[in-house]
Amino acid sequence: MARFGLHGSKMLAVELAGETIRALNGSMVAYDGEMAFKRQGMTGGEGLRGAIRRRVAGEGMTLMEITGKGTVFLASNATEITLVELAGDTLLVESESLLALDGRLQTGVQFIGLRGMGTGQGLATTKVEGQGTVAILSDGPAIALEVSPGAPLCVDPHAYVAHRGQLQQDVVTDVNWRTVLGQGSGESVQFRYQGHGLVYVQPAERGGILEI
């Protein structure tokens, strides 16, 4: 089994003993031992049907396969890295926040409709499922917020990174500070999660205040 570990908070080290992982294309910064790198091309390891679904949904992801014996070091623009262990469950993550994953894990497209329209990220997000490790990226250290039945969680869409568990997601609006001050007529968009699971958020926003 590939062993994922962090060197600091912005460098991922993966020890391989003949296994294969998938990683963001161009994220390799160093390696020792013997490694083979193979770009997955337009299919992203999901086959032609998966590639078509991503194109239709506006969800882009360019990964490469890394196979070998030794240690490979991965990073992306000095961005913070968080390791998520999956044990047969599913992680939904923005494709831009996916750094690497165990080669045994399956990826696909999860259509999300209004959430993507509101954030400009497209109509879908990336689904990762199975058993293994996923390395996700965030602008600043990511934190995992727990959602429990009867206690919904609202998240700024620009701070959202990923979520897992038995969660229902919908879009809600709330009056923002510019409306209160009479400087705007829109309403801010938030994601609301209900059920049981974890939502990963970052301490920075991808864009400015979002209005509809």
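Select Y160 and F191: both are buried (under 20% relative accessible area with a 1.4 Å probe, protein chains only; exposed is over 50%, and partly exposed lies in between). The model is predicted, so local features need pLDDT of at least 70 and side-chain atom pairs pLDDT 80 or more, while totals for chains, interfaces and linings use all residues. Numbering starts from 1 along each chain as its sequence is written, and side-chain values use heavy atoms, without hydrogens and water.

Show the two rings. Their centres are 5.8 Å apart and their planes at 75°, so Y160 and F191 pair edge-to-face (ring centres of Phe, Tyr or Trp, the latter by its six-membered ring, within 6.5 Å; planes over 60 degrees apart are edge-to-face, under 30 stacked, the rest tilted). Y160 is in strand β11 (residues 160–175) and F191 in strand β12 (residues 187–201), 31 residues apart (strands are DSSP E runs of at least two residues, numbered from the N terminus).

Y160 and Y193 are stacked, at 6.1 Å centre to centre with 15° between the planes. Y193 has a relative accessible area of 0% and is therefore buried. Y160, F191 and Y193 make up one aromatic cluster.

Next, select L12, V14, I21, I66, L74, L99 and A100, which touch the most other members of the 17-residue largest nonpolar core (buried Ala, Val, Leu, Ile, Met, Phe, Trp, Tyr and Cys joined through side-chain atoms within 4.5 Å). Strand β2 gives the largest share of this core, five residues.

Finally, select L98, L105, V128 and Y200, which are among the 14 residues of a second, separate core.

Key. Helices (H or I, at least four residues) and strands (E, at least two) are DSSP runs, numbered from the N terminus.
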